[in-house]
Amino acid sequence: MPKSAEERGALLIAEGGTLDGERWMLRGALVVGRAPECDIVIPDRQVSRRHARLIETAEGFLLEDLASKNGTYLNGHRVTSPTALHDGDEIQIALAQKFLFVSSDATLPLEEVPPALGRLRLDKASRRVWIGPREVLPPLSVAQFRLLEALYDRQGEVVPREVLIDAVWGAEALGVSAQALDALVRRLRDRLAEADPTHAYIVSVRGHGLRLDNPLA
């Protein structure tokens, strides 16, 4: 019986570029691109809004280019059709970002569940989130995680909206509308409610910003 992604310990690790050192546990399908709604966001104009996709199958993971302008490369060769990934493969997104694909948890062990500061807790290195004993799956998009991380780092504080916009969009924050942040907050609230419908973790403080309400575990 084929192993699941979790059993394989499939990871994507950024090497160099703006995402250097960040890593993602792979499950299901992840879209890589410049658009904020992508699962992995690369804030570089060389990257198409929806550039490439990693897809889990019963046999493993496939890499697919989504008709990007500047191309997706696997071990130096341009990807023209869905291509199987193997442990140690190097993925290049345009000239902007490299990733290492790791298919074995023996190669790079995952962290243990982080200690609980409240019912909700997160691990920044792997971008994993838990509510109580339950992990939030599928994983949050990069934009959703950045928003939650900005609130998590300031638990109990009201975080101004402009601080949150900068935390999520970084260099592309200029020109990001309040509506874009509101839409992202709604999506994040929906994802957290899927894991725990009994509590509203993100609280709006009118005229000031947002606050994470993270009750004790």
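Predicted model: local features only at pLDDT ≥ 70, side-chain atom pairs only at ≥ 80, totals over all residues.
**Helices α2 and α3**

Two packed helices are described by the angle between their axes and the distance between the axes. Helix α2 covers residues 142-152 and helix α3 covers residues 161-169. Their axes cross at roughly 135° and come within 8 Å of each other. Because of that angle, α2 counts as oblique to α3; an angle over 145 degrees would have counted as roughly antiparallel. The crossing of α2 past α3 is right-handed.

On the α2 side, the contact is made by A143, R146, L147, A150 and L151. On the α3 side, L164, A167 and V168 take part. By type, the residues of this contact divide into seven nonpolar and one charged, with no polar residue.

Helix α2 is mostly covered, with eleven of its eleven residues buried. The buried residues of α2 include A143, R146, L147, A150 and L151, which are the residues that α2 brings to the contact with α3. Also buried in α2 are V142, Q144, F145, L148, E149 and Y152.

**Residue T72**

T72 belongs to strand β7, which spans residues 72-74. Is T72 buried or exposed? Its relative accessibility is 0%, so T72 counts as buried, the cut-off for buried being under 20%.

The side chain of T72 takes part in polar contacts with two side chains, listed below.

| Side chain | Partner side chain | Distance |
|---|---|---|
| T72 | H51 | 3.4 Å |
| T72 | D65 | 2.6 Å |

Leaving aside residues up to four places away in sequence, T72 touches H51, A52, L63, D65, H77, R78, V79, I91, Q92 and I93.

**Residue P82**

P82 sits in the loop between strand β8 (77-78) and strand β9 (83-84).

Which residues does P82 touch, not counting residues up to four places away in sequence? They are L62, L63 and E64. L63 is 19 residues apart from P82 along the chain, and the C-alpha atoms of these two residues are separated by 5.4 Å.

Notes. Residues numbered from 1 in each chain as written. Heavy atoms only, no water. Axes fitted to C-alpha atoms, helices over the stretch in contact; angles between N-to-C directions. Helix = DSSP H or I, 4+ residues; strand = E, 2+ residues; numbered from the N terminus. Parallel < 35°, antiparallel > 145°, perpendicular 65-115°, else oblique. Left-handed = near helix turned anticlockwise from the far one by under 90°. Contact = heavy atoms within 4.5 Å. Nonpolar A, V, L, I, M, F, W, Y, C, P; charged D, E, K, R; others polar. Buried < 20%, exposed > 50% of the residue type's maximum accessible area, 1.4 Å probe, protein only. Polar contact = N/O pair within 3.5 Å; in protein donor to acceptor, adjacent residues only side chain to side chain.
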